[in-house]
Amino acid sequence: MPWPSRKRSQASAEDKKKPETKQAKHESHEEEEEEESMPSAAESSKPAKKSSGWAVKKEASSDGQGSKQVYGHWLLKSEPESRFEKGADVKFGIEDLKAEPNQTACWDGIRNYQARNFLRDMKLGQEAFFYHSNCKDPGIVGIVKIVKEFYPDHTQFDKKDPHYDSSSNKEKPKWSMVDVQFVRMTKRFIPLSELKAHHLAHTESGGPLKNMLLFSRHRLSIQPLTKEEFEFILSLEEEKPR
DNA sequence: GCCAACGTTGGC
DNA sequence: GCCAACGTTGGC
């Protein structure tokens with residue numbers, strides 16, 4: 001992912017910590033990509049951006065504006081197993097998040113415009129599923145919440161960080177991050193295989209997971225979830241594992 | 001380790 | 001703006 005997963009640590013804004021994360025690269029665009037795709041609820045408090053579009057859906061609002069769809073929930077991918085990127089271990093599983101001060105970490109290292117734009121749409125208090133990727137048992141393991149809306153990702157300026165971006169500058173940071181705090185583990189591990197089975201069934205039946213981005217945007221490490229998707233997945237917690 | 005999907009780069 | 005080459009993600 002952005003890919004993907006990312007991770008990093010620490011807490012808030014105050015400290016800057018270091019990097020870890022994964023993702024990488026940079027891109028080129030100009031940055032202006034601020035668009036986001038989804039609209040979130042209100043707007044961000046910070047910069048505002050416009051949206052552009054990608055994929056997310058939008059619905060017409062009744063009033064005629066197309067409002068874009070507002071996402072209130074998210075899925076964040078992170079890798080729970082060690083993997084080295086430019087000499088740094090990008091491992092950051094949910095246990096690592098729980099071990100951070102205040103069980104809070106900054107989600108740094110996102111170097112994909114689409115993921116970054118979603119990140120910028122995240123609002124304080126919104127919840128996200130914590131998804132373990134690129135590991136033996138991929139799937140949802142817990143729930144986190146946004147405790148600080150987007151601000152510059154300090155790892156883009158750190159030459160020693162695997163996600164250093166020489167094309168960015170402090171006057172106009174290209175990449176952002178948010179802080180997330182652990183909320184709870186899901187009542188049980190919800191494996192990718194199970195989500196996929198529902199996705200396939202819903203594709204036929206028109207169920208809630210038929211458009212889940214996990215299955216169409218493989219490489220997106222930060223994905224918005226509709227309320228229906230989030231609630232359906234939560235309902236799986238109560239079921240027996242299949 | 002393989003490989004499919006897909007995003008990015010860069011020539012033209 | 002098109003598109004081929006290339007790089008990355010991430011499941012298996």
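## Nonpolar cores

The largest nonpolar core has 25 residues, and Trp107 and Ile222 have the most contacts inside it; such a core is a set of buried Ala, Val, Leu, Ile, Met, Phe, Trp, Tyr and Cys residues joined through side-chain atoms within 4.5 Å, where buried means under 20% relative accessible area (1.4 Å probe, protein chains only). At least two residues each come from β3 (73–78), α1 (94–98), α2 (113–121), β7 (127–132), β8 (139–152) and β9 (176–191), these elements being DSSP runs numbered from the N terminus (helices H or I, at least four residues; strands E, at least two). The most is given by β8, with four residues.

The model is predicted, so that local features need pLDDT of at least 70 and side-chain atom pairs pLDDT 80 or more, while totals for chains, interfaces and linings use all residues. Residues are numbered from 1 along each chain as written, chains are lettered from A and ligands numbered from 1 in the order written, and side-chain values use heavy atoms, without hydrogens and water.

## The enclosed helix α2

Nine of the nine residues of α2 are buried, so this helix is largely enclosed by the rest of the structure. Its buried residues, among them Arg116, Phe118 and Asp121, pack against β3, β8, β9 and β10 (222–225), contact meaning heavy atoms within 4.5 Å.

## Helices α3 and α4

Helix α3 (residues 192–205) and helix α4 (residues 227–236) pack with their axes 12 Å apart. The contact involves Glu194, Leu195, His198 and His202 of α3 and Phe232, Ile233 and Leu236 of α4.

Notes: Buried < 20%, exposed > 50% of the residue type's maximum accessible area, 1.4 Å probe, protein only. Axes fitted to C-alpha atoms, helices over the stretch in contact; angles between N-to-C directions.
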